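Keep the picture open beside you as you read.

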Amino acid sequence: MKFDINKRLIYAYEFSDKHVYVGLTYNIKKRNNEHLRMNINNKSCVYKHIINSGLSPNLIVVTDYMRTEEACLKEGEILNNYKTNNWIILNISKTGSPGGQKDYWSKNELIKEALKYKTKNEFQQK
């Protein structure tokens with residue numbers, strides 16, 4: 001499946017104890033894996049609440065994919081709806097940030113970036 005990094009959908013993780021996390025992503029499958037990855041270094045609010053509460057969340061896809069700018073605004077509206085309905089919000093960061101970036105570089109992008117450095121080691125470090 002090809003993803004459009006210029007579009008996002010909004011999702012929510014709802015827990016039975018009325019805790020919720022609202023987010024947006026260009027790749028829901030990847031983002032779901034990031035939230036649920038079972039390892040000590042996972043800093044996801046969703047993962048931490050799973051560990052602390054012992055509960056499993058329900059992943060709700062709230063919207064279809066839409067332009068990123070529109071999704072950033074809509075995310076705040078959806079979060080406020082949860083607040084209005086007395087949900088406990090797990091989000092730490094303010095809504096409205098598009099989040100994830102593309103996972104790949106084109107050959108030309110790589111060449112352009114690599115030319116900024118004098119050695120292979122410097123390129124890898126930076």
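Every residue comes with a pLDDT, the predictor's confidence in it, on a scale from 0 to 100. Helices (H or I, at least four residues) and strands (E, at least two) are DSSP runs, numbered from the N terminus. This is a predicted model, where local features need pLDDT of at least 70, side-chain atom pairs count only at pLDDT 80 or more, and totals for chains, interfaces and linings use all residues. Residues are numbered from 1 along each chain as its sequence is written, and side-chain values use heavy atoms, leaving out hydrogens and water.

The chain has a mean pLDDT of 85, with 84% of its residues at 70 or more. Confidence is highest in strand β3 (residues 58-61), at a mean of 97, and lowest in helix α5 (residues 120-125), at 72.

Now for the charges. A salt bridge puts a side-chain nitrogen of Lys or Arg within 4 Å of a carboxyl oxygen of Asp or Glu, and this structure holds three. In helix α1 (residues 28-36), E34 and K30 are four residues apart, so about one helical turn separates them; their closest N and O atoms are 3.8 Å apart. E34 also meets R31, at 2.9 Å from N to O, and these two lie three residues apart in helix α1. Together, K30, R31 and E34 are linked in a network.

The other place to look is helix α3 (residues 68-84), where K74 and E77 are three residues apart and form a salt bridge at 3.6 Å.
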